[in-house]
Amino acid sequence: MVTEQLSRAGWGAYFDQLSKSLPRADVELRISSLQLGSQLEAEGMKVNGISFDHHNDIIVISMQGLEHIIHAPASAYAQAQDGRVENLEITDAQGERCLLHFRWPRAGKDVDEVIDEAGEETFPASDPPPWAGA
């Protein structure tokens with residue numbers, strides 16, 4: 001896995017490009033600081049997009065039903081494997097870290113295909129379980 005520090009000048013373009021692929025991924029979002037410890041804010045949610053507003057000096061992470069805003073971001077790191085971002089860490093001026101871990105669908109299968117596959121699962125009913133009383 002390759003870790004890259006993202007240049008502040010390129011945050012807008014980087015997050016815009018990343019946001020185009022994010023609707024396919026689920027995300028786990030964790031906030032970590034000395035005051036809070038490590039807190040899970042979101043898990044298994046789809047990300048609508050990540051954007052950097054340089055005028056207001058904020059990064060906005062928009063998920064289905066939740067928005068997380070990072071004020072005065074100081075640094076951003078991305079970890080990628082096989083050309084896909086797996087983790088993103090953004091630290092604000094006070095040292096609070098926002099950690100995003102992306103879970104991507106398996107290669108070769110679309111998310112809807114995996115869901116359909118699971119819905120068709122059946123179990124043998126030749127012998128009823130002992131608790132059924134039959």
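In this predicted model, S32 has R97 in strand β8 as its bridge partner. The pairing of strand β2 (residues 26–33) with β8 is antiparallel and extends over seven bridges. R97 also stands opposite T91, and five bridges join strand β7 (residues 84–92) to β8 in an antiparallel arrangement. Four residues lie between β7 and β8 in their hairpin, where G95 adopts a positive phi near 90 degrees.

Strand β8 (residues 97–103) presents two faces: C98, L100 and F102 form the covered one, while R97, L99, H101 and R103 form the uncovered one.

Strand β4 (residues 58–63) is mostly covered, with six of its six residues buried. On one side these are I58, V60 and S62, and on the other I59, I61 and M63, so that both faces are covered.

Strand β4 has pairings with β3 and with β5. Strand β3 (residues 37–53) runs antiparallel to β4 and is joined to it by six bridges; within this pairing, G49 is opposite S62. Strand β5 (residues 66–71) is likewise antiparallel to β4, with six bridges between them, and H71 of β5 is the bridge partner of I58.

| Hairpin | Residues between strands | Residue with positive phi |
|---|---|---|
| β3 and β4 | four residues | D57, about 55 degrees |
| β4 and β5 | two residues | G65, near 85 degrees |
| β7 and β8 | four residues | G95, near 90 degrees |

How values were computed:
Residues numbered from 1 in each chain as written. Predicted model: local features only at pLDDT ≥ 70, side-chain atom pairs only at ≥ 80, totals over all residues. Heavy atoms only, no water. Buried < 20%, exposed > 50% of the residue type's maximum accessible area, 1.4 Å probe, protein only. Pairing = 2+ DSSP bridges.
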